Amino acid sequence: MGVTNLWQILSPVQQHKPLSSLKGQTVAIDLSIWVCENQCVKQMQGVVTRPYLRNLYFRISCLLQLGINLIFAVEGEAPDLKHETMSRRQEVQYPGKRKGPPNKKKSRSHFNAKLREIVDGCITNDGDVFLYGAKTVFRNFSVTSKDPQVEIYSICDIEQKLDLNREKMVALALLVGCDYVPKGVPGVGIEKASKLLAGYIDISPLRRFKSWKRLSDAECLDAIEVQIKKKAALVSDFPQKKIIDEFMIPKDHLPSRGFKWTRPKLIPLQTFSLNKLEWPEEYTQDKVLPLITLWDMTDIAKGGLHGHLVPYRIVKARVRHGIPSVEVEWHKQGTQ
């Protein structure tokens with residue numbers, strides 16, 4: 001998924017931080033990845049009803065209680081470039097099924113192209129977000145341990161420490177492969193591609209690739225460029241303009257829409273959870289009440305009080321996930 005071996009290349013700039021360090025930030029969630037990865041967990045098959053909904057709830061609950069603002073991106077229409085890759089993945093995920101036309105609702109290009117416009121970063125395992133212009137990526141986050149962690153990758157660190165900017169990463173995708181051109185340039189591996197790009201100081205790699213057809217071996221920078229140029233000449237349409245345009249040309253801007261979160265409604269959630277997850281009403285109440293309390297606390301902090309729960313007394317001091325806290329008794333407004 002994404003650019004071949006990109007995360008391996010970016011590993012030197014990887015930062016491990018507590019998930020709580022994202023408090024106050026607005027984070028985009030690539031919803032399709034969350035759904036797909038949970039559908040494929042074999043240990044849950046036949047044991048947990050709709051594991052993707054279950055895990056979606058617990059992940060959202062954890063992130064909200066850490067004070068992280070969430071935006072969920074739902075798939076747009078897939079570019080034609082990705083249909084071959086999507087069909088191949090469908091064969092792997094559902095072996096033996098009749099191969100049909102690819103579902104155009106599975107691409108992340110729309111999601112990727114919008115990230116820098118609306119959020120502080122995004123949670124995704126798809127490395128090609130950087131090729132679309134993302135600035136910060138949160139990856140491999142954990143919400144199950146007592147000390148939730150997340151991997152953080154910043155484009156600033158990537159540029160300064162690895163000398164890899166957005167254009168060089170697009171060039172890397174053309175050489176070693178990505179979702180749109182899985183094989184890249186046959187015979188070119190990550191080591192040679194990295195050495196080639198490292199030699200392009202003050203040289204645009206994409207413009208350089210376009211000049212290869214008229215460039216003699218003597219005009220090449222070194223033996224590595226000569227080798228890769230010859231291999232690329234065997235790929236008829238290299239460098240593929242459609243792929244470069246897909247990554248580099250800005251998409252339409254997001255429309256401006258007003259939206260406001262409202263207080264969670266317990267009874268409809270209990271009904272939904274019973275029907276979809278087979279959760280007893282008491283179990284749903286136990287899981288949802290902390291979110292309702294969080295909503296009320298946030299509302300109170302903003303100066304609002306709209307007939308909901310209000311803090312009555314502090315029961316006792318507690319420590320939750322290593323954070324000093326207090327247990328509070330709440331009453332409905334107007335009751336004792």
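This is a predicted model: local features need pLDDT of at least 70, side-chain atom pairs count only at pLDDT 80 or more; totals for chains, interfaces and linings use all residues.
Me: How many helices and strands are in the chain?
Reply: The chain has 14 helices and eight strands, where helices (H or I, at least four residues) and strands (E, at least two) are DSSP runs numbered from the N terminus.

Me: Why are α13 and α14 called oblique to each other?
Reply: Helix α13, residues 266-277, packs with helix α14, residues 281-301, at an angle of about 135 degrees, and their axes are 9 Å apart. Axes here are lines fitted to C-alpha atoms, for helices over the stretch in contact, and angles run from 0 to 180 degrees between N-to-C directions. Angles under 35 degrees count as roughly parallel, over 145 as roughly antiparallel, 65 to 115 as roughly perpendicular and the rest as oblique, and α13 and α14 are therefore oblique.

Me: Which residues make the contact of α13 with α14?
Reply: On the side of α13 they are L266, L269, Q270 and S273, and on the side of α14 they are E281, T284, Q285, V288 and I292, where contact means heavy atoms within 4.5 Å. By class this contact has four nonpolar, four polar and one charged residues, given that Ala, Val, Leu, Ile, Met, Phe, Trp, Tyr, Cys and Pro count as nonpolar, Asp, Glu, Lys and Arg as charged, and the others, Gly among them, as polar.

Me: How do α8 and α9 pack, and what is the make-up of their contact?
Reply: Helix α8 (residues 166-176) and helix α9 (residues 190-198) pack at about 145 degrees, with axes 10 Å apart. The contact is made by K168, A171, L172, L175 and V176 of α8 together with I190, A193, L196 and L197 of α9, and these residues divide into eight nonpolar, no polar and one charged.

Me: What makes strand β2 mostly covered?
Reply: Four of the five residues of β2, which spans residues 26-30, are buried, and buried means under 20% relative accessible area, with exposed over 50% and partly exposed in between (1.4 Å probe, protein chains only). In the chain of 336 residues, 41% count as buried.

Me: How do you know that β2 pairs with β3 and with β4?
Reply: Two strands pair if DSSP finds at least two bridges between them. Between β2 and β3 (residues 69-73) there are five bridges in the parallel sense, and between β2 and β4 (residues 121-123) there are three, again in the parallel sense. Among the bridge partners, T26 has N69 in β3, V27 has L70 in β3, and I29 has I123 in β4.

Me: Why is one side of β1 and of β3 left without a neighbour in the sheet?
Reply: Six strands form an open sheet of mixed pairing, in the order β1-β6-β5-β4-β2-β3. Because β1 (15-18) and β3 stand at the edges, each with a single partner strand, one side of each has no neighbour in the sheet. From one strand to the next, the twist averages 35 degrees.

Me: Which helices lie across strands of this sheet?
Reply: Helix α3 (residues 51-65) lies across β2, β3 and β4 and runs at about 145 degrees to β3, while helix α7 (residues 155-162) lies across β1 and β6, running at about 60 degrees to β6.

Me: Why is N5 called partly exposed?
Reply: N5 has a relative accessible area of 37% and is therefore partly exposed. This residue lies in the segment before α1, and its phi is positive, at about 65 degrees, although N5 is not a glycine.

Me: What makes N140 partly exposed?
Reply: N140 counts as partly exposed because its relative accessible area is 41%. N140 lies in the loop between β5 and β6, and its phi is near 50 degrees, a positive value in a residue other than glycine.

Me: Where is P239, and which residue does a cis peptide bond join to it?
Reply: P239 is in the loop between α11 and α12, and the cis peptide bond joins F238 and P239, with omega about -10 degrees.

Note on methods. Residues are numbered from 1 along each chain as its sequence is written. Side-chain values use heavy atoms; hydrogens and water are left out.
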